[in-house]
Amino acid sequence: MATAAAAAAMEEPDVVNGRDVVSWVASGVVLWSTAFLLVRALFPKRSYDFCNRAVSTMHAVAAVCLACLSVDDWSCPVCPLAAASSPRQMKALAVTLAYMVYDAACCHLNGDTRLDNAVHHLVSIVGIGAGLAYQRCGTEMVASMLVTEMSSPLLHLREMLKELGVRDTELNLLVDVLFAATFSAARMGVGPYLTYVTVTADNPILIKAMATGLQLVSAYWFLRILRMVRYKLAGKKKPTPAKLAAAAAN
């Protein structure tokens with residue numbers, strides 16, 4: 001009896017207080033901002049964008065791990081649909097919401113005013129915020145977080161390699177291809193299915209709209225990535241000036 005009571009006391013509460021969610025998000029914003037300042041201090045010669053991408057990579061890894069840990073049944077990772085969010089799911093979503101607030105501010109301070117980036121931040125912040133406010137759709141939203149963040153480390157790695165001077169190499173091409181493959185499989189393979197089950201389930205209209213908006217942003221980026229891969233592969237086939245000079249010398 002005592003053992004059972006102790007185990008029950010250690011279980012997470014079924015209902016999360018709204019003030020706890022606000023506290024998690026606020027603490028998360030401070031955490032990500034502090035991480036950025038630490039990276040800037042550790043790498044003073046690196047650019048603002050490089051340091052921000054380092055923090056973004058940390059978040060992507062953390063988000064994927066938290067999303068995996070919040071899945072109760074891997075035989076059906078998107079079950080149950082339109083259900084109450086578990087405390088574990090809400091904590092995972094709060095971490096990502098805090099990061100999105102930090103990243104939106106960071107991009108604004110760096111003068112990054114691209115429309116697609118602004119829409120991405122807006123859709124993510126409003127969508128995750130609505131899910132936390134409703135305390136519903138945790139399954140769908142955590143699955144979406146896993147899918148969208150899966151390719152992020154490769155995205156940031158390819159840009160960081162450029163600043164490190166790694167351009168037009170086999171490594172650079174490999175990272176580009178792996179990023180394109182992971183993004184395409186996750187966002188254009190699994191993504192449309194997640195959007196469909198979210199829209200057809202008994203979810204609030206705001207959640208459905210944000211899921212659709214995120215998928216549209218993903219489709220736009222997918223088309224840009226296709227053009228990037230075609231350019232890279234076409235450039236790989238063309239002889240470079242160095243190769244032409246070597247051939248002429250022989």
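Student: Okay, what am I looking at? How many helices and strands are there in the protein chain?

Tutor: The model is predicted, so keep that in mind. The protein chain has 10 helices and 0 strands. Reading from the N terminus, the elements go α-α-α-α-α-α-α-α-α-α.

Student: And how much of the chain is buried?

Tutor: Of the 250 residues in the protein chain, 40% are buried. The chain exposes about 14000 Å², with 68% of that supplied by carbon and sulfur atoms.

Student: What share of the contacts join residues at least 24 apart?

Tutor: It's 79%, counted among contacts between residues at least 6 apart in sequence.

Student: Switching to annotations. Which residues does the UniProt "transmembrane region" cover?

Tutor: Residues 21-43, according to the UniProt annotation, which comes from an unreviewed entry. In the model that stretch is 96% helix and 0% strand, and its end C-alpha atoms sit 33 Å apart.

Student: Now electrostatics. How many salt bridges does the count come to?

Tutor: The count comes to 6 salt bridges. Side chains of opposite charge can pair when their charged atoms come close. One of the bridges is between Arg158 and Asp176, with the closest N and O atoms 2.6 Å apart. That pair links distant parts of the chain: Arg158 belongs to helix α7 (residues 152-163) and Asp176 to helix α8 (residues 170-200), 18 residues apart.

Student: Are Arg158 and Asp176 buried or exposed?

Tutor: Both Arg158 and Asp176 are buried.

Student: What does Glu159 pair with?

Tutor: Glu159 makes a salt bridge with Lys162, and here the closest N and O atoms are 3.5 Å apart. Both residues are in helix α7, 3 residues apart, or about one turn of the helix. Salt bridges with shared partners tie Arg158, Glu159, Lys162 and Asp176 into one network.

Student: And why does Glu159 count as partly exposed?

Tutor: Because its relative accessible area is 23%, and partly exposed runs between the under 20% of buried and the over 50% of exposed. Lys162 is also partly exposed, at 23% relative accessibility.

Student: Which residue does Arg114 meet in a salt bridge?

Tutor: Asp112, at 2.9 Å from N to O. Arg114 is partly exposed, because its relative accessibility is 43%. Asp112 has a relative accessible area of 23%, so it is partly exposed as well.

Student: New topic, the surface. Which residues make the nonpolar surface patch?

Tutor: Leu122, Val126, Tyr134, Ile205 and Leu206 make a patch of about 470 Å². The elements giving two or more residues to the patch are α5 (115-134) and α9 (205-237). The largest share, 3 residues, comes from α5.

Student: Where does Tyr134 lie, then?

Tutor: Tyr134 lies in helix α5. Tyr134 is partly exposed, because its relative accessible area is 42%.

Student: What about Thr148, where is its place?

Tutor: Thr148 is in helix α6 (residues 138-149). Thr148 counts as buried because its relative accessible area is 14%, and the cut-off for buried is under 20%.

Student: What lies 3.2 Å from a polar atom of the Thr148 side chain?

Tutor: The backbone oxygen of Met145. Setting aside neighbours within four places in sequence, Thr148 also contacts Arg187 and Leu214.

Student: What is the phi of Ala82 near?

Tutor: Near 55°, a positive value in a residue other than glycine. Ala82 is in the loop between α3 and α4.

Student: And what about the phi of Gln135?

Tutor: Gln135 has a positive phi too, near 55°. You'll find Gln135 in the loop between α5 and α6.

Notes: Residues numbered from 1 in each chain as written. Predicted model: local features only at pLDDT ≥ 70, side-chain atom pairs only at ≥ 80, totals over all residues. Heavy atoms only, no water. Helix = DSSP H or I, 4+ residues; strand = E, 2+ residues; numbered from the N terminus. Buried < 20%, exposed > 50% of the residue type's maximum accessible area, 1.4 Å probe, protein only. Polar contact = N/O pair within 3.5 Å; in protein donor to acceptor, adjacent residues only side chain to side chain. Contact = heavy atoms within 4.5 Å. Patch = residues over 30% accessible without salt bridge, like charges linked within 9 Å, V, L, I, M, F, W, Y side chains within 5 Å. Areas by Shrake-Rupley, 256 points an atom, 1.4 Å probe, with all protein chains shown as cover. Salt bridge = Lys/Arg side-chain N within 4 Å of Asp/Glu carboxyl O. UniProt positions renumbered as here; feature names shortened; annotations may be inferred.
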